Amino acid sequence: MRHGAVGLLVAATVWACGKAGPPPDGAASDTPPSEEPPVALNPAPPIQYPPRLFDQRVEGEVVLRLFIDSTGRLAPESTRVAESSGYSGLDSAAVAGAPRLRYAPAKRHGIAISTLFLQPIQFRHSQSSQPGAPAAPAVTVPEPQPITRPPVRRATPPTDTSRRDTTARRDTTKRRDTTKRRDTTPPPPKPVTDTGGRSASAFPR
């Protein structure tokens, strides 16, 4: 019994020493992501709420497609409306104020890169903390969003649904006569020679 207990104790000690311990705290968080999106630097959104639409209590969200270079400079000529709010006034206000947006460039493996991204612009009525006070216009610029590209689908060639005629074509109009023609006419009579050396016909005249 003593030898069995010693064997179990040795086996348990070897298993405990060979078992991997837990990863150190903060090891996963210390690894930087491969890509970092651009960061908005404006302390306040430089986009104005259209007064007429605000008075009509019109709200909406516009999604702009923006392009910045590796220094964070925005290219205004590349600004497009990716998703409309449904109101041309809100869309125009977002496009007009987009050149005043400031960004820190996107990074890939810690290196600044140029990138194309989506920027939502929200037009909302902010309620005042005081009861009875009118709502104030509020324009918010949420965090930029990366552009997700759909997977490329390879075009498949169209299948030929027409049926091909695999039967052999037979020419029924021109049939060759492969049968041998038999001559049914009787042969001509053979000449008969007489004793005098003169030939005579086989039939008497």
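What share of the 205 residues in the chain is buried? Buried residues make up 21% of the chain. Bear in mind that this is a predicted model.

The chain folds into three helices and twelve strands. Among contacts with a separation of 6 or more, 67% link residues 24 or more positions apart. The exposed surface comes to about 17,400 Å², and 55% of that is supplied by carbon and sulfur atoms.

**The core**

Start on the inside. The largest nonpolar core has 20 residues, and the ones with the most contacts inside it are Leu 64, Leu 66, Leu 90, Ile 121 and Phe 123. H2, S3, H3 and S8 each put in at least two residues, with S3 giving the most, at four residues.

**Helix H3**

H3 spans residues 88-97, and its buried residues are Leu 90, Asp 91, Ala 93, Ala 94 and Gly 97. Seen down the helix axis, these buried residues fall within an arc of 165 degrees, so they line one face of H3. The face turned away from that buried side carries Ser 88 and Ala 96, both exposed. As for what lies over the buried residues of H3, the cover includes the elements in this table.

| Element covering H3 | Residues |
|---|---|
| Helix H2 | 51-55 |
| Strand S3 | 60-68 |
| Strand S8 | 115-126 |

Now for the strands. S1, S6 and S7 form an open, antiparallel sheet of three strands, in the order S1-S6-S7. S1 (35-36) and S7 (111-113) stand at the edges with a single partner strand each, so one side of each has no neighbour in the sheet. In general, strands of a sheet pair through backbone hydrogen bonds, either parallel or antiparallel. Here, S6 (residues 106-108) is joined to S7 by three bridges, and Arg 108 stands opposite Ile 111 in S7.

**Thr 115**

Leaving aside neighbours within four places in sequence, Thr 115 is in contact with Pro 38, Leu 66, Phe 67, Ile 68 and Ala 106. One of these, Leu 66, is also among the residues with the most contacts inside the largest nonpolar core.

Methods
Residues numbered from 1 in each chain as written. Predicted model: local features only at pLDDT ≥ 70, side-chain atom pairs only at ≥ 80, totals over all residues. Heavy atoms only, no water. Pairing = 2+ DSSP bridges. Buried < 20%, exposed > 50% of the residue type's maximum accessible area, 1.4 Å probe, protein only. Arc of directions from axis to C-beta. Contact = heavy atoms within 4.5 Å. Areas by Shrake-Rupley, 256 points an atom, 1.4 Å probe, with all protein chains shown as cover. Core = buried A, V, L, I, M, F, W, Y, C linked by side-chain atoms within 4.5 Å.
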